[in-house]
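I set them down in the order in which I looked things up.

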Amino acid sequence: MEVNTQNFRSLAERASANKRLRGVLDHATRHFQRCRQASMDALPHREEYFARARAARFNALAHLPELLEELEKNATALGTKVHWAHDAAEARDIVTGIAKAANAKVIVKGKSMITEEIALNPALEAMGAEVWETDLGEFIVQLAGEPPSHIIAPALHKSREDVVKLFAEKLNLHGEAIPELTMLARHALREKFLTADMGITGANMAVASTGSVVLVENEGNIRMSTTCPRVHVAIMSIEKVVADFEAVADILRVLPRSTTGQRMSSYVSVLTGPRLEGETDGAQETHIVILDNGRSRVLGDPELRQTLACVRCGACLNVCPVYQTIGGHAYGWIYPGPIGALLSTLLLPEDKTRDLPYGCTLCGACHRTCPLSINHPQALLTLRAREKGGSILGRAHSLLARHPHAYRAAVGTARAVDPQLDLLPRLPGLSGLTGFVEARRPPELKKSFTARRRSAAKKERS
Amino acid sequence: MSAETERHAREDILGTLRRGLAAAPLIVPSPPARPAPEPITPDPWAKLAEVLTPLSVPLRLAGNPAEAAALVADIARERKATSYTRWGESLDGLGIDEALSGLTRAEAAPCRDLSKIDLGIALAHGVLVESGTMVLAAGPGRHRAASLLPPSSIILAPRKALLEDVGKLPELLAKLTAGGRAPACVNLISGPSSTADIELVLVRGVHGPASLTIVGLDWDF
């Protein structure tokens, strides 16, 4: 999808004025929070389980190169072809190459953020393939020509009436009630599953010790996409690998609970290579595409690499006051909410994401909710400091802020010539000041409390 | 993309990761031991039923093969099934085919050939009681479609397959791999297919079975 993160401010302003959207978000985020809380309350030893899941993810990051090599070795030994891609363009080339070689005319996809990240669908469609999103929410947003608006509920922003209209216009299918609409989608997509030549999914985890891919879902569309077509391609970003099934068990203990409040999602598939001789279903040809897209650089950054531990449960979105107000589309790319602001800033070019780290009130709700204790606000502050540290104004401001007397003197001087600080930015050559001043509230002209106390005491004495 | 470009990508990615970790090693403190699972004795079936009820999954218990076959036939009748597909050898001794003699049986086959079948019957290799999860290892004669394509699904759960929780999964998977290659597909099934993608309204049976019934085999099967 088109990257629109550079317009975060204007998109956020527009979204926050949309009352209907705010109503939908309020209902949805409260629903997810309630489900999650009830499930967590019922989990004994919660902190121990969180700590184990955190260790499983961070241990994987600490041994990432070795685990990726082990995954490659074990997957290859069982007949899976493993591919490596620097970036989105290379990953698209790999997948379209597999599709061409398999003569894939109909392709079914399981819900996957990574395929959105690399904009895979247009590339497959350009080679003449029919590509179907099969997760109901993804199917709806695909028909609408829109990006997903929530990591786990892509069509969160769509009402029943929207779906009624969409199905009638795009599929000539007519239904009213939600179960009826769901069954219409089932019948439409069932035919696609049965005729598909290739299934494409992401990967919730890849297991180094066995070369397996682990996929978590509720609908069964991922099972269909990996059971019926003769080719299966799993696309994973480098950080999805974990050491073994002990790590998988520790992560599965908290992932569904944190996502939807379920003890376990309806379906978890552990896929290890192509179908065995004598099996009648399952892919005969399996591929794993390992994508970097900037993440290997992030691993070397001690302040930001915690972002790579994320398991995409989406809990941070639901508690974020910014997400609750503006929803997912305002973030301008596929990853919304606190984790989205972080990921987008780390993965996209700098000039496109300048405002994203500021889409955070620093309230810390995301950090407290994250089952892996990712400290989103701290990481966003780091990004802010780095971004501002790069400009002359930012460096000057940073220097003054560390020296209170100099700061007061500078602001006092500026106020003496321009009391409202609204004229200086308009002077030729100082246009950069406008945004800088707009985003800050300089100290008021009155003296500090200590100074006022001292001067009152002096007055009393005299 | 050429093999050369992919090799190049591989070397670059692994090199960057290694340099990053060498410059700033990531030290991870040891996690606490995994807490002991909640015991499922003395009545694991009651515990399982308690977990399955909110998932709209009935649990029915059979004390012997004849009862199991009769329960399967009851469920087929309730679901108005006229055809079924079942796992092969592993279920041969239960007399299911005799109990379902009025129905058409479809053998394991590619998805397209099973798309109109009403009922699928499979066997759990493990049951994670805490989450109500059936663990099914696919293989020859144990087709994945049996628990996926038909609108109604029955999973037979032997008493000896009952395990406490997901912490037992690694051990179970190791057992399923023992002496050979890992199964190409292991499915963990914890309820019927479901979605809440339109206005968060829960609907069962969006792609997989709308109805799932567990038949507990309460003898040494």
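Which residue in β7(B) is the bridge partner of B:Ala122? I looked this up and found B:Ile155.

Before going on, I note that this is a predicted model, in which local features need pLDDT of at least 70 and side-chain atom pairs count only at pLDDT 80 or more, while totals for chains, interfaces and linings use all residues. Residues are numbered from 1 along each chain as its sequence is written, and chains are lettered from A and ligands numbered from 1 in the order in which they are written.

Entry on strand β7. I took helices (H or I, at least four residues) and strands (E, at least two) as DSSP runs, numbered from the N terminus. Strand β7 of chain B covers residues 152-158, and six of its seven residues are buried, so the strand is largely enclosed by the rest of the structure. For this I called a residue buried if 20 or more other C-beta atoms, placed from the backbone, lie within 10 Å of its own.

Entry on pairing. I counted two strands as paired if DSSP finds at least two bridges between them. Strand β4 (residues 119-123) of chain B runs parallel to β7(B) and is joined to it by five bridges. With β12 (residues 211-217) of chain B, β7(B) also pairs in the parallel sense, over seven bridges. In that pairing I found B:Ser152 opposite B:Ser211 and B:Pro158 opposite B:Leu217.

Entry on the whole sheet. I read the strand order in chain B as β1-β12-β7-β4-β2-β3, an open sheet of six strands with parallel pairing. At the edges stand β1 (59-62) and β3 (104-106) of chain B, each with a single partner strand, so one side of each is left without a neighbour in the sheet. From one strand to the next the twist averages 25°, where axes are lines fitted to C-alpha atoms, for helices over the stretch in contact, and angles run from 0 to 180 degrees between N-to-C directions.

Entry on the helices. Helix α3 (residues 65-78) of chain B packs on the sheet and touches β1, β2 (83-86), β4, β7 and β12 of chain B, its direction making about 170° with that of β12(B). I took two residues as in contact if their C-beta atoms, placed from the backbone, lie within 7 Å. Helix α2 (residues 44-52) of chain B lies across β1 and β12 of chain B and runs at about 155° to β1(B).

Definitions and conventions:
A residue is buried if 20 or more other C-beta atoms lie within 10 Å of its own, exposed if 12 or fewer, and partly exposed in between; C-beta atoms are placed from the backbone.
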